[in-house]
Protein chains: 2
Amino acid sequence: MTRGRPIAFSPDEAASAAMQVFWARGYDSASTRDLLEAMKISRSSLYQAFGNKEQLFLEALRRYRGNLIDRLNRQLEASPSAMHFLQELFGQTALEAGSERAALGCLIFNSASELGQRDDIPSIEAKRSVQAITALFHEAVVRSQAEGDIASDRDALALATYLTLGMAGLRTLLKSGADPAQTRAAAELLLDTLR
Amino acid sequence: MTRGRPIAFSPDEAASAAMQVFWARGYDSASTRDLLEAMKISRSSLYQAFGNKEQLFLEALRRYRGNLIDRLNRQLEASPSAMHFLQELFGQTALEAGSERAALGCLIFNSASELGQRDDIPSIEAKRSVQAITALFHEAVVRSQAEGDIASDRDALALATYLTLGMAGLRTLLKSGADPAQTRAAAELLLDTLR
DNA sequence: TTATATATGGACCTATCAGTCCATATATGT
DNA sequence: ACATATATGGACTGATAGGTCCATATATAA
């Protein structure tokens, strides 16, 4: 079988660039022209390689989710304790207050907020991504219970949902330009509940 | 002075209809055609009465904020205690889980999420609106401290920020279609922190 | 070398966007 | 009644949206 002209760009890098655009601008507001410019490919290549804008978004969201969950899992494993992991995660996130990074938020919560009331595939994928975060938190809570930092009779699923709520709220606070000191204090209050 | 042809619609009702559209669709995704249809006025009337889409959005957001803060203030005053008010507010909101209302979210947090990284007037107004919610919670915390339900040595501003974080997170959870029971449990955990 | 298969650039398509314009309608003050 | 001022319907504008098309480029298999 002949193979035809080879692809001239890295689909991986292109998808990564698209992810950044959707992250910064949101799904609807990211135009195909924005995407093309960031991905540095031609319009033909985008449709050839990714199908259409919706499929490209799904690819970008899944990539973001994969990267995030993998990174968090690694951090969880490397932490002296699951509680320490949670404290670092929320603490470091709160420290972003006022920065440009803070204004970006998290692609998953951004998407859940933007697409929550649709019932198309991007909306479903956004919800699935939020669930993946809750699953990660659930793992952390269960470990923390095993390590004795959280009472083992407490509902791990409820605590995991509570942590997802907390991270979503924290990200909204950061987007709202809340006072850094108050944001840090609020994040500390959040974790006090676990003890 | 002559007065010219009188306006044929209620600017109040029209603005209210516009608010619903921005609430359901977001700022960018709400097209002027969507707005016109919901407001039941002509294109000329929209631009004549409200200036442009951005100003109409600001009017809608301020209206939403005014309505919300007024209503919450009334509920706070009518409550047997500020703590009871907070429990009702978070409890009732959590009960929306799974409903269409839940998918709508709150126009203020929706806007903060969508517009957070801009630096135009709508973005500033969204942030101002989040601050208004924090101010309301601050009032409730201070009252609750006076009523003895919250220790008076605790930082009322930090607690208010924490409650804003909590409501923003709860709204995101509702938008993500989280399990109703888990959502309610998470909302209860949120308020446990106050005691 | 040639046939084949895939990739690419960029012109092009229709739909829709926010916003403007103007003729016409409808009120008031004299 | 008439001059004046504001409101309205709807056609229109240029810009931009997502997506298609096709001629051309560039690889491989025979």
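At 43% relative accessibility, A:Arg128 counts as partly exposed, whereas A:Glu125, with a relative accessible area of 3%, is buried. In this predicted model, the two residues form a salt bridge whose closest N and O atoms are 3.2 Å apart. Because A:Arg128 and A:Glu125 stand three residues apart in helix α8 of chain A, about one helical turn separates them.

## Other salt bridges

Over all chains, the structure holds 22 salt bridges. One of them pairs A:Asp12 with A:Arg63, the closest N and O atoms being 3.3 Å apart, and this pair links distant parts of the chain, since A:Asp12 belongs to helix α1 and A:Arg63 to helix α4 (residues 53–78), 51 residues apart. A:Arg63 counts as buried, at 19% relative accessibility, a value that falls under the 20% cut-off for that class.

A further salt bridge joins the side chains of A:Asp34 and A:Arg25, with 2.6 Å from N to O. Here A:Asp34 is partly exposed, with a relative accessible area of 23%, and A:Arg25 is likewise partly exposed, at 41%.

## A buried leucine

A:Leu86, which lies in helix α5 (residues 82–95) of chain A, has 0% relative accessibility and therefore counts as buried. Leaving aside residues up to four places away in sequence, A:Leu86 touches A:Phe137, A:Ala140, A:Leu163, A:Leu191 and A:Leu194.

## How the two chains are related

Chain A can be laid on chain B with an RMSD of 0.0 Å by a turn of 180 degrees and a shift of 0.0 Å along the axis, which is the relation of a two-fold axis. In chain A, the C-alpha nearest this axis belongs to A:Gly169, 1.8 Å from it.

## The interface

The contact takes 38 residues from chain A and 38 residues from chain B. Because 100% of the interface residues of chain A are also interface residues in chain B, the copies meet through the same surface. Between them the chains bury about 3100 Å², of which 63% is on carbon and sulfur atoms. The count of salt bridges between chain A and chain B is zero, while eleven residue pairs are in polar contact across the interface.

On the side of chain A that touches chain B, the helices that each supply at least two residues are α1, α6, α7, α8, α9 and α10. The largest share, 14 residues, comes from α9(A). The residues of this side divide into 19 nonpolar, 14 polar and five charged.

Note on methods
Residues are numbered from 1 along each chain as its sequence is written. Chains are lettered from A and ligands numbered from 1 in the order in which they are written. This is a predicted model: local features need pLDDT of at least 70, side-chain atom pairs count only at pLDDT 80 or more; totals for chains, interfaces and linings use all residues. Side-chain values use heavy atoms; hydrogens and water are left out. Copies are superposed by least squares on the C-alpha atoms of residues with pLDDT of at least 70 in both. Contact means heavy atoms within 4.5 Å. Buried area is the accessible area (1.4 Å probe) that two parts lose on being put together, summed over both. A salt bridge is a side-chain nitrogen of Lys or Arg within 4 Å of a carboxyl oxygen of Asp or Glu. A polar contact is a pair of N or O atoms within 3.5 Å; within protein, one must be able to donate a hydrogen and the other to accept it, and residues adjacent in sequence count only if both atoms are side-chain atoms. Helices (H or I, at least four residues) and strands (E, at least two) are DSSP runs, numbered from the N terminus. Ala, Val, Leu, Ile, Met, Phe, Trp, Tyr, Cys and Pro count as nonpolar, Asp, Glu, Lys and Arg as charged, and the others, Gly among them, as polar. Buried means under 20% relative accessible area, exposed over 50%, partly exposed in between (1.4 Å probe, protein chains only).
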